[in-house]
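Subject: Structure handover

Hello,

Here is the structure I promised to pass on. Please open it alongside this message.

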Amino acid sequence: MSSQAPNRARVIPLRPPSARPGVPVSSPDPAVSRPAAREPLWRDLIGDVLRRERQAQERTLKDVADSARISMPYLSEVERGRKEASSEVLAAAAQALGLSLGDLLSQAQGELVRLAGRPPARSRATPASSYDGLCLAA
């Protein structure tokens, strides 16, 4: 007989344990350590801002989607962070909520900084600059 250790399969979940409801965060195998915290995805931040603003205005998905001229299921997926919306779609959704695209991105940036738990980094080229904006290029 062989004295080999049993071959144990290693299961890698698609989502981190904290993202799966009803699944405890602690691992039964002490050899498996928790991965380092990751920064949130941009699509999640944008979706959270859109949803929060829509709910603050007490508007329905249908109302905002009709106003933005995008489909209600698509807007729902954008709000839930399931879809990466184009800048045109984001601008239309923001405008339907009475925001500019800059307002939407600024709020998402603020949320990113808050969740990351650290102050925004300043560029070395302009240490005294008071500009705290966000620039996206395609």
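Below is what I found in it, from the overall fold down to single residues.

**Overall**

Please keep in mind that this is a predicted model. The chain has five helices and zero strands. From the N terminus on, the order of elements reads α-α-α-α-α. The chain has 138 residues, and 23% of them count as buried. I also looked at contacts between residues at least 6 apart in sequence. Of these, 59% join residues at least 24 apart.

**Helix 1 against helix 5**

Start with this pair. Helix 1 and helix 5 pack at an angle of about 115°, and their axes are 9 Å apart. The crossing of helix 1 past helix 5 is right-handed. Helix 1 brings Trp42, Leu45, Ile46, Val49, Leu50, Arg52 and Glu53 to the contact. From helix 5 come Leu104, Leu105, Gln107, Ala108, Gln109, Glu111, Leu112 and Leu115. By class, this contact of helix 1 with helix 5 holds 10 nonpolar, two polar and three charged residues.

Arg52 belongs to helix 1 (residues 42-56) and Glu111 to helix 5, so the bridge ties together parts that are 59 residues apart in sequence. Glu111 is buried, because its relative accessible area is 12% and the cut-off for buried is under 20%. Arg52 is partly exposed, at 40%. What else does Glu111 touch, leaving aside its neighbours within four places in sequence? Its contacts are Leu45 and Arg52. For orientation, helix 5 covers residues 101-116.

**Helix 2 against helix 4**

Next, the other packed pair I want to show you. Helix 2 and helix 4 (residues 87-96) pack at about 120°, with axes 8 Å apart. The two helices are therefore oblique to each other. Helix 2 passes helix 4 in a right-handed crossing. The contact is made by Val64, Ser67 and Ala68 on the helix 2 side, and by Ala92, Ala93 and Ala96 on the helix 4 side. Which classes do the residues of this contact of helix 2 with helix 4 fall into? Five are nonpolar, one is polar and none is charged.

Ala96 also comes up in a distance I noted. Asp66 and Ala96 are 30 residues apart in sequence, and their C-alpha atoms are 8.7 Å apart in space.

**Other salt bridges**

The whole structure has seven salt bridges. Here are some beyond the Arg52 pair.

- Lys62 and Asp66 meet through their side chains at 3.0 Å, N to O. Both sit in helix 2, four residues apart, about one turn of the helix. Lys62 is partly exposed, with a relative accessible area of 48%. Asp66 is also partly exposed, at 48%.
- Salt bridges that share partners also join Arg51, Arg54 and Glu79 into one network.
- Asp63 and Arg59 form a salt bridge at 2.6 Å, N to O. Asp63 counts as partly exposed, at 34% relative accessibility.

Helix 2, which carries Asp66, spans residues 61-68.

- Glu58 is in the loop between helix 1 and helix 2. Its relative accessibility is 75%, so Glu58 counts as exposed, the cut-off being over 50%.
- Arg69 is in the loop between helix 2 and helix 3 (72-79). Arg69 counts as exposed too, at 78% relative accessibility.

**In short**

Where would I begin? Glu111 lies in helix 5 and Arg52 in helix 1. Then turn to the contact of helix 2 with helix 4, which has no charged residues. After that, look at the loops that hold Glu58 and Arg69.

Best wishes

Conventions
Residues are numbered from 1 along each chain as its sequence is written. This is a predicted model: local features need pLDDT of at least 70, side-chain atom pairs count only at pLDDT 80 or more; totals for chains, interfaces and linings use all residues. Side-chain values use heavy atoms; hydrogens and water are left out. Contact means heavy atoms within 4.5 Å. A salt bridge is a side-chain nitrogen of Lys or Arg within 4 Å of a carboxyl oxygen of Asp or Glu. Buried means under 20% relative accessible area, exposed over 50%, partly exposed in between (1.4 Å probe, protein chains only). Axes are lines fitted to C-alpha atoms, for helices over the stretch in contact, and angles run from 0 to 180 degrees between N-to-C directions. Angles under 35 degrees count as roughly parallel, over 145 as roughly antiparallel, 65 to 115 as roughly perpendicular and the rest as oblique. A crossing is left-handed if the near helix is turned anticlockwise from the far one by less than a right angle, and right-handed if clockwise. Ala, Val, Leu, Ile, Met, Phe, Trp, Tyr, Cys and Pro count as nonpolar, Asp, Glu, Lys and Arg as charged, and the others, Gly among them, as polar.
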